[in-house]
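This briefing gathers what can be said about one protein model, with attention to its charged side chains and its helices. Please read the points below alongside the sequence and the coordinates.

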Amino acid sequence: MLVRTAIAVLLATAFCGPAFPAGQGLSDRIARCVPEPGAAEQVSDLTNEIAKAEQNPAQLFDLYVERGRARITNCDLTSALTDFDRAERVKPSSLPFSTEFYIGRGDAHLRLQERHDALADYDAALARNLNTEDEVHVRHMRGFIRTDQGEERLAIAEFTRIIDLKPDYADAYWLRAVSHENLNDYSSALADYDQLARLRPNDWTGWAQICWGHAYLNRELEEGLRACNTALRLNPNDPNSFDGRGFINVRLRRFADAIADYDEALRRQSWLPGSLYLRGVSKLRLGNAAGAKSDIAAAEVMEPKIAARFAGYGIIP
């Protein structure tokens, strides 16, 4: 099933461009961002507006904030923070900070992996009267930060609030499911993946996770098998779905089918220690001791504690 780093995939839906891999350098992260269409033109137009508003501090504040947000969509993140700093400097003392200021600056900090500063801005935004869309966005980002920092229960609280606000917000179910998984609460994760599949019936990812959930929990296995098959119908080349279906077939003691699934998974992705391990277990059950020994040994090289992991699921060679 999903792991904590998969949260980065969903972070990308809230910003321009692809998500950033952990540990990547700042310059590389900025270079990989993909500007939104028209973003550069918007920055240029706002620069002209700023030049015309030099004697109007209140207008300048709003324009710098707007240009900072436009720079985010143009992937010019350090310049975006500079604009928010300029906005703060020119703001008349009688003018309150706007919601757009806090959310925009928080987004810039988060995109630059400055999570502490991003949280401070999002907290300031939540102290205001936010509309539903703004609160959903802020809690989405706060939930990402909490999960990325391993604070899963705090993340779950954020995603639950999003669901209260927007019960049809599919990403919130996905994100909350990942947090439940990271707490080894597979029952709650499965319930959220069920909701994800209900909201996005043509999205193979939800069905693949339902497949895995039933395998982990060792319950309603035929229902899990149907979810695996649905995932593979929607995405016939996903190694994760073959891997999950193999696990279901192990649970059902259909070892020949499990081996076939693991062959397909490993043909598509070689680094799948779970597939190797359970293929070895399946071969052992069918009397192929040499093949079993080879697969299990290879799996243990990739993941030395893999036997203990699967023993926790009740699978022992």
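Salt bridges in this predicted model come to a count of 26. Side chains of opposite charge can pair when their charged atoms come close.

**Salt bridges between pairs of residues**

- Within helix α5, which spans residues 77-90, Arg-86 and Asp-83 are three residues apart and are therefore separated by about one helical turn; their side chains meet in a salt bridge with an N to O distance of 3.2 Å.
- A second salt bridge, 2.9 Å from N to O, is formed by the side chains of Asp-171 and Arg-200. Asp-171 belongs to helix α10 (residues 170-182) while Arg-200 sits in the loop between α11 (186-199) and α12 (204-217), so this pair ties together parts that are 29 residues apart in sequence.
- Of these two residues, Asp-171 is buried at a relative accessible area of 9%, and Arg-200 counts as partly exposed at 28% relative accessibility.
- The side chains of Glu-220 and Arg-219 also meet in a salt bridge, with 3.5 Å between N and O; here Glu-220 counts as partly exposed at 45% relative accessibility, and Arg-219 likewise counts as partly exposed, at 33%.

**A network of charged residues**

- Salt bridges link Asp-123, Glu-135, Arg-139, Arg-142, Glu-158 and Arg-161 in a network.
- Among the members of this network, Glu-135, Arg-139 and Arg-142 are also found in the list of buried residues of helix α8.

**Helix α8 and its ends**

- Helix α8 covers residues 132-148, and its 17 residues reach 24 Å from the first C-alpha to the last, which is close to the 24 Å expected at 1.5 Å a residue.
- Twelve of the 17 residues of α8 are buried, so the helix is largely enclosed by the rest of the structure.
- The buried residues of α8 include Val-136, Val-138, Met-141, Phe-144 and Ile-145, together with Arg-146, His-140, Gly-143 and Thr-147.
- Following α8 comes Gly-150, whose phi is positive, near 80 degrees.

- The side chain of Glu-152 is joined to that of Asn-182 by a polar contact of 3.0 Å.

**The chain as a whole**

- The protein chain contains 18 helices and zero strands, and 50% of its 317 residues are buried.
- When contacts between residues at least 6 apart in sequence are considered, 55% of them join residues at least 24 apart.
- The accessible surface of the chain comes to about 14500 Å², and carbon and sulfur atoms account for 49% of that surface.

Methods
Residues are numbered from 1 along each chain as its sequence is written. This is a predicted model: local features need pLDDT of at least 70, side-chain atom pairs count only at pLDDT 80 or more; totals for chains, interfaces and linings use all residues. Side-chain values use heavy atoms; hydrogens and water are left out. A polar contact is a pair of N or O atoms within 3.5 Å; within protein, one must be able to donate a hydrogen and the other to accept it, and residues adjacent in sequence count only if both atoms are side-chain atoms. Helices (H or I, at least four residues) and strands (E, at least two) are DSSP runs, numbered from the N terminus. Buried means under 20% relative accessible area, exposed over 50%, partly exposed in between (1.4 Å probe, protein chains only). Contact means heavy atoms within 4.5 Å. Accessible areas come from the Shrake-Rupley method with a 1.4 Å probe; for residues, only the protein chains shown count as cover. The expected span of a helix is 1.5 Å times one less than its number of residues. A salt bridge is a side-chain nitrogen of Lys or Arg within 4 Å of a carboxyl oxygen of Asp or Glu.
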